Amino acid sequence: MSVYKSRILAILGGGLSLVASLVFSLAVSRRLSSEDLAVLNLVNSAYAIGTNIMAYVTAWYPRILAKNPGAYEGLFAAGLLTAGVAWAAAVGYLFLFLPYGAWDFVILVLLGVMFLLYAVPAGAYLSVHRQELAATLGIVSQAVKIGGAFVIRVSPTVDTALLINILVSLPQALSMRIMPAFRKALPLMVYLIKGVPFQSLILISAILNGLMQYVIVTAGGAIMLYYVFILLQLSKIVYPVFNMVTLMYGSLLATSNKENRALVDGALILFFYVVPAALMLKEPELLLAVVRPQELNNTDLLVAIKLYGITLLLSGIHLHASNVLLGFESKEVITLKDRPAKALLLDIAFFPVNVILTYVAISRLGIIGFVMTTIIWHIYSLGNRLYYLPMRRSLTIKLYSPLLVALLPPVLAPRLPLQPSINVVTPLATSANYLLYIAVIVVTTLIALSPLYRQIIRRLIKYNCQAYTTKS
């Protein structure tokens, strides 16, 4: 039952993380200017490119540590070596957006620190071997994030937002006092050369996603970057489950019953996607009042948020399917012959089509068009992963289909007599009430539709009864 204990801790941490994400996103989106929000969006893209470069080493952390915990020191050293390359690439990317204010000395230094912390293998080790501690440290990090929101209110800048992200990463990074061993880095990096082609595909994919910012700017101007940032802030409502995603991936690497692990963890993870997705579809005004009340009269943005609810759920399903596909591969290092690489190649092949669709859609429909193209891309990419998954039928019937159906009842349910407000407390309380209201409807629907969710409820009740009996 230790697996369920770690999941319960992750869920509790997820609840705190949800509060932390809401509070922090609220502080950032309300306090920062539209220009700073656009810059932060670009910095996030630069960080994504850098971390994908580091993935030449860091992506293999959990896979190698699952079989060889003693490789920690060498992996740490190899990660630090790639951090410098990642920082240089991020700096180069931000230079391309010099007119938009993204080129700043302090921002570049903070990015460097973020990459150094990303090189620490502690999180990967804990996710495989000490999942309860991983979940507990996640709770500590979210408490730090809540405190950071108050700092943002005093000093609303891009620099402050990045500094808070650094502090949030520290608890996990400092949890293991093991120094890097550079003498072990070279043999490990030689071993990891086998995975270079696959990681190159991931890097190419990240670069192409970064270049989509150019498409967005060209088609809709800087205001479109601002709108996209607002949508990304709304998506942070599901960030709490990312800790559980990490635990699921670690469990998939360590267990022999991969299908059951994928279904049970997927059911828990995706529940936290479908509820906010339904809220976006039903009451986009409530969420916009939390994040950016200045835009409450923006009809196009409200419609885009409704559609983004579908994108959000599809992104969760896509994330789950991607991790299951990786977890099913038994080899430590993935090559171009393996199924995850083939799915990624199909994603990259779709990029020219996606560029044309995005440009035309934004030019004609603005932010609504952008969201429509994200829905198309997620459906296409998800199809690629399901095609290569040996358990695609089980996932689709037992997990994904009931979740998509569960979006409908909350949308059709009666509206609550609650109205959006620009006052900070009112929209938060209103959104929380609506989330609870929708969660009850979704849970009822899933229990009625899915034997998988009924099985999980029974197991959780049994675990809690056993825990209570043991304490007594």
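What is the accessible surface of the protein, and what share of it belongs to carbon and sulfur atoms? I worked from a predicted model and found an accessible surface of about 19800 Å², with 67% of it belonging to carbon and sulfur atoms.

**Overall form.** I counted 22 helices and zero strands in the protein. I then looked up the radius of gyration, which is 22 Å; the globule rule gives 23 Å for 472 residues, so the protein is as compact as a globular protein of that length. Along the principal axes, I found that the C-alpha atoms fill a box of roughly 60 × 60 × 45 Å.

**Burial and contacts.** I noted that 54% of the 472 residues count as buried. I also examined contacts between residues at least 6 apart in sequence: 84% of these join residues at least 24 apart.

**Helix 10.** Glutamine 199 is found in helix 10. Is glutamine 199 buried or exposed? I recorded a relative accessible area of 1% for glutamine 199, so this residue is buried, the cut-off being under 20%. Setting aside neighbours within four places in sequence, I listed Ala55, Tyr56, Ala59 and Trp60 as the residues in contact with glutamine 199.

**Surface patch.** Which residues make the nonpolar surface patch of about 320 Å²? I identified Leu96, Ile207, Leu211 and Tyr214 as its members.

Notes. Residues numbered from 1 in each chain as written. Predicted model: local features only at pLDDT ≥ 70, side-chain atom pairs only at ≥ 80, totals over all residues. Heavy atoms only, no water. Patch = residues over 30% accessible without salt bridge, like charges linked within 9 Å, V, L, I, M, F, W, Y side chains within 5 Å. Areas by Shrake-Rupley, 256 points an atom, 1.4 Å probe, with all protein chains shown as cover. Salt bridge = Lys/Arg side-chain N within 4 Å of Asp/Glu carboxyl O. Helix = DSSP H or I, 4+ residues; strand = E, 2+ residues; numbered from the N terminus. Buried < 20%, exposed > 50% of the residue type's maximum accessible area, 1.4 Å probe, protein only. Contact = heavy atoms within 4.5 Å. Rg over C-alpha atoms; globule rule 2.2 N^0.38 Å.
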